[in-house]
Amino acid sequence: MGGSSSQTIGQRYFAKLTNFIGNPIEKLIGINFDNRGWLFKPDNGESFLRVESPNLYGDKEGGVAGFIDIHTGTADQLPNATYSADFSKVSGYPFQSYLLFRGLGKKTETTVTASGVVQSTPKHYNNSFYHGNSGYMKEMLLWPMRIHVRNDGRLQWYDEKAEINKIRVEIDPDTMRLMTMRLDVTTEAGTQTTVGRTTSLSNWRSELVDRYAIDSIQLSDVGSAWNSSTTNPVYKGNCVGRAQIKFSEKCEFIFRVFFHTDSSDAYPYTPKFSVEPASEILSSSYETGVYGTSHEYIFKMAGGEASIVATVEPHLFASSSSSNRMFPFNVTVFYPNNYQSQLTKFGEINPIHKIREILTDDTAMNKPESDVNDVNFKKAADRIFDEGLGISWAITDKSCIEAINELCGHIEAGVRINRQTGIYEMVLFRDDWFADDEIHTLPVNKIKSMQLDGAVSADELINQLNVSHYNRDAIKSSSFSVAENAAIRNLQGLVNSEDVKFPYYTNQRNAAVVAQWKLKQMSTPVWQGTLTTGFYEARKWNRYDLLKLAWPKRWNGTILVRIMKINLGTGTEVSIDFVEVVPYSNMLSSNIVIDTPVDTTPKPPQPALFKAFELSYLEAVQLNGQKAVDDALAYNPDGGYVACIAQRPQSNSLSALLYTDQGNDYERTATIAYCETVELDQNISPINSAFIVRDAGEIDMVSTGTQITVNNEIMVYQSYDQQTGLLTVKRGAFDTIPQNHLVGSVLYFADDFVAVDPTEYVIGEIINVKALTTTPSGILNIDDVDPQPVEIQVRAIRPYPPANVKMNDAYFPETTVISNDIVLTWVHRNRLQQTGGEILGFYEGGVTLETGVTYSIEISANDTVLHHATEINANSYVIPSAVLIQNKAHRLRIWSVRDSYTSFSVFEHSFFVESASLILTATTDGKYVSGNTVPIANITINVDESLTANLSFDGTGISGKAEPGATITIEIEE
C-alpha cells in the first residue's frame with residue numbers, strides 16, 4: 001500500500017586530511033563547522049574527538065562524520081597512527097599542534113522488518129572523514145586552549161592564578177542523574193557515633209534517583225547527662241553532625257541540611273554551621289516548634305567535593321522531656337526545575353602570565369627568567385585574578401612590543417625595566433599599587449623649568465567611549481558605549497566620543513570595567529607636561545612611578561602625577577614627562593548602553609510540535625485510492641502504517657523529516673510538510689461544537705471541510721471568526737468519538753499534510769516516531785526530540801463506531817433514575833461508503849450500515865459488568881432498569897464489530913443512577929390517604945390542619961367541620 005520513492009540527493013565526499021594549528025596547545029575545547037554550533041570534546045582524557053553529524057549542513061548538503069585525532073604539540077609527540085600506516089616515514093611534528101581527520105570506519109547495522117532481515121551500513125561511515133555533499137571542506141572554527149602549560153610544555157608559571165573566569169556550561173537534570181555520588185553522614189555525641197547508610201568512601205551511589213537523594217540518621221539518647229532537677233537544664237556535651245559529599249564531576253548542586261535543637265523563643269540557640277570549601281549560602285531558616293527549633297540551610301556547592309559540619313554546643317533549653325537533642329541530621333541533594341546546575345569547563349588566561357611568557361619564551365623576546373621580578377609579577381597576577389580580567393588570546397603576526405602594549409591596554413597597566421635592578425616589572429594603574437613610602441617628592445626649588453601642555457577645555461574632553469570586544473557566544477565582535485552622564489549634562493548634551501577596542505576580552509563585563517576606568521581618565525581635566533630638574537635622586541626614579549608635585553604658579557599644594565618618561569641629560573639634569581593621576585576607583589556617574597543587535601542570522605532548527613498516529617482508512621484512501629487500499633487490506637488485514645503531522649516551529653523551516661524506530665535504530669522514512677494549528681483557549685466537552693482558540697495561523701487559507709486532529713478525535717472545520725477567536729467544527733468524524741479536551745490542546749488542520757512511513761508494520765508492534773526540523777542551515781539533532789510511540793492496531797481494517805448516540809433521547813446525561821429503563825438510540829456509519837462528499841460529524845444523520853457490522857453493548861459499575869449484549873443489527877436497544885444499581889456510578893460502552901475486528905474508537909459514557917425523586921399525589925376519604933410510589937421510596941405526608949369552619953343549619957340542627965380545638969360562635973338572629 002504505497003511505497004517510498006527514491007531520488008539522488010548528491011554525491012558524498014570523504015577525505016583524510018591534516019589541519020595544523022601552530023604552536024603547542026593544552027587541549028582542544030571544541031570545533032565549529034561552518035558556524036553551525038560548537039561540537040565540544042568531552043573532558044575524558046581521550047586524544048580524539050568523535051563527530052557524527054551527517055545532517056549538520058542540511059538535508060541536501062549533508063554534514064560531517066569521523067574521528068579527529070588531536071595532537072597538542074608535545075616534545076615527544078609520535079607520528080599519527082593513521083598516517084604511519086600509509087607513510088612509513090611521516091613525522092610526529094614535535095612542538096606543532098595539529099588535527100588529523102579520519103573516518104568512522106565500516107559499520108554494519110541489522111534492521112529487522114516485517115518482511116525479513118536487512119543488512120545496512122550508514123552512508124556516512126567510511127575509512128575517510130565525511131565532509132558533506134559538496135566537493136570542498138567547509139570553513140571551521142577551532143577552540144584550542146593553553147593555560148596551564150607553557151609553550152615548551154613545562155608547567156605554567158604560578159599556575160594557581162593562571163586561569164580566570166571559568167565559564168560554566170548548563171547541564172540538564174538527566175545528565176546530573178548519570179553522575180555518581182557518594183554521601184557519608186556521621187554524627188557523634190561524646191563517645192557515641194552514628195553513621196548514615198552510606199558508610200564507606202568506596203561506596204558510590206550510582207545515580208540520583210528522581211530529583212533528590214537523601215541520607216539521614218536518627219540519634220537516640222544524645223546528651224543524656226542533664227541536670228534534670230532544674231527548670232532549665234544545661235546541655236552537657238557537644239553534638240556534631242558531619243557529611244562528606246563527593247561527585248564524579250565538578251558541578252554546582254543545591255543542598256539542604258536540616259536538623260533540630262532544643263531551644264525555644266525564651267531560650268534561643270543557633271548552632272554553628274560550616275561548609276568546606278566555603279560555598280554560597282542561598283538561604284537559612286529557623287522555626288520553633290513542638291520538638292524545639294528546626295534549622296534549615298540551603299547552600300550551593302561548587303566543585304566535586306564538600307564537607308559539612310553542624311555543631312551543637314552546650315546551651316540552655318526549656319524542657320528535658322526529650323532525650324534526642326539533635327535529630328535527624330538530614331542532607332538532601334536536589335535541583336528544582338528553576339535551577340540548572342553548571343559544569344565548569346574552561347576559563348581564560350591571566351594576562352600577566354601572557355605578558356611574562358612574551359618576555360621569556362624562546363619564540364618571543366627570549367629574556368632569561370631571572371630578568372623578570374618574580375615577586376612583582378605574582379603581585380600583579382594576584383590582583384588581576386581577583387579582578388577577574390581574564391583574556392582569550394590568538395595572534396598570527398604581531399611584534400612583541402605591540403602585543404605587550406595591547407595587553408597592558410586591556411588591564412590599565414605598564415611594563416618597565418627598573419633602572420636600579422635592570423629587571424622587568426609590572427605596574428598596575430591602581431590607586432593602591434604603590435605604598436605611601438614609595439611615592440616620590442620633589443622640592444619646588446629643585447625644578448629648573450616647567451613646561452605645561454595647553455589645558456584641554458571642558459568642551460573638548462571625551463565623555464563617551466564606544467567600546468568593542470569579541471563576543472564568544474556570537475563568534476563576532478560586539479559593541480556598546482559608556483557615557484559619563486555628568487560631563488554630558490555640563491555640555492548641555494554635547495557628546496564627544498572616542499573608540500576603544502578590547503579584542504582579547506570575550507565578555508562584556510570585563511570590557512565595561514576597564515572602559516569605565518579609561519573614561520574616568522579621559523573625562524577629567526588633568527595637568528600634564530614636562531619638567532627638568534637637577535635633583536640627583538630623580539636619576540633613580542622609574543617610569544610609571546608616582547610623584548607628589550608642587551607648582552605654586554598654577555595650583556595650590558601638591559598634585560599626584562605619574563612619570564611617563566625619563567630623559568637623562570648632561571650632568572645631573574633630568575627631563576621628566578608627567579600626567580596628573582585621576583583616581584580610578586572614584587565612582588563614575590556613567591551608564592552603559594548596549595545596542596540591541598539586529599540578529600539576521602537564521603535560527604538553528606528548533607523542536608517542532610508533532611503528533612504521531614496510525615494511518616486511518618480514509619487517509620490511506622486519500623493517498624493511494626480506495627481500490628488499492630481495499631486490495632492491500634484483503635491481502636494483509638493485520639498491517640498498519642505510521643503517520644505524522646507537525647506544526648511549523650520557525651519561519652525559516654520549510655519541512656521536517658520523519659524518523660521511525662522499530663527497536664533497532666532511527667531511520668528517515670518521509671518528509672513532513674507543516675500544517676496549520678491552533679490551541680484551545682478553553683476546556684471543551686463532547687457537545688461543544690464552537691469554542692475559543694488562540695495562536696491561530698493562516699486559518700483563512702484553510703478550506704471548509706478540512707479534517708482537524710486533536711488528541712484522539714477528528715473534527716471537521718466549518719468556520720473561524722478572527723475577531724472573537726471562535727472556531728466552529730463538526731465533532732467526532734470517521735472512526736472517532738467526541739471527547740473532552742483541555743485548554744492548550746493543539747488542533748492540527750491535517751488533510752493533505754499527513755506524512756506516512758511506507759513500511760508496513762504488523763499488529764502489536766510499537767514504533768517510536770520523531771520529527772526533525774530542517775532549516776537551510778541544518779537539521780535538528782535527533783537526540784533533542786522526545787519520541788512518540790505508536791502501537792499498531794490495524795486501524796484501517798476496523799469498522800466505524802456508532803454515531804449520534806443518545807440515552808433516553810439525551811446526549812451524555814449525567815444522571816438517570818433507577819426506575820427508568822435506558823433506551824439507547826444511535827445511527828450507522830460506514831467506513832467503505834464515507835470516502836467522498838461532505839464529511840459527517842457525530843451528531844448528524846446516519847448512512848447505510850457497513851456489511852457484516854454488528855454492535856455490542858456493555859454497562860458496568862464498580863468494575864463489574866451488569867449487562868452485556870452482542871450482535872445487535874438495529875440502531876436502538878433497551879437496557880432494563882432491573883440491572884441498574886441505586887446510587888452508583890455506571891459506565892456505558894458501545895462499539896462496532898465486523899469479522900472479529902472491533903471499532904478503533906468505543907463510545908463510552910459514565911453516569912450516575914439515583915433514587916426516585918417523586919412528588920406524591922394522594923387522595924383521602926377523611927380517614928385514610930391512598931396513592932402510588934415505588935416500594936423503597938420514603939413517603940412523608942404533611943396534613944394541613946388550618947381549616948375554616950363550614951356550618952349549615954337545616955332548621956332543626958347545626959352541622960359542619962372545624963379544626964380541633966377551634967371555638968365556634970353561633971349568632972342567632974331573633
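Predicted model: local features only at pLDDT ≥ 70, side-chain atom pairs only at ≥ 80, totals over all residues.
Residues are numbered from 1 along each chain as its sequence is written. Local features here need pLDDT of at least 70 and side-chain atom pairs count only at pLDDT 80 or more, while totals for chains, interfaces and linings use all residues; side-chain values use heavy atoms, with hydrogens and water left out.

**View 1. An open sheet of three strands, in the order S34-S36-S45.** Strands are DSSP runs of E with at least two residues, numbered from the N terminus, and two of them pair if DSSP finds at least two bridges between them. The pairing in this sheet is antiparallel. Strands S34 (610–614) and S45 (755–756) sit at the edges, each pairing on one side only. Look for S36 (residues 642–646), joined to S34 by five bridges. Ala 612 is found opposite Cys 644 in S36.

**View 2. Strand S39 with S44 and S40.** S39 (residues 677–680) runs antiparallel to S44 (residues 746–749), and three bridges join them. S39 also runs antiparallel to S40 (residues 690–694), this time with two bridges. Glu 679 is a handy landmark: it stands opposite Val 746 in S44 and opposite Arg 694 in S40.

**View 3. Helix H3 packing with helix H4.** Helices are DSSP runs of H or I with at least four residues. H3 (residues 351–360) and H4 (residues 374–387) pack at about 145°, their axes 8 Å apart; axes are lines fitted to C-alpha atoms over the stretch in contact, and angles run from 0 to 180 degrees between N-to-C directions. Contact means heavy atoms within 4.5 Å. Among the residues that meet are Ile 352, Ile 355 and Leu 359 in H3, and Phe 377 and Ile 384 in H4.
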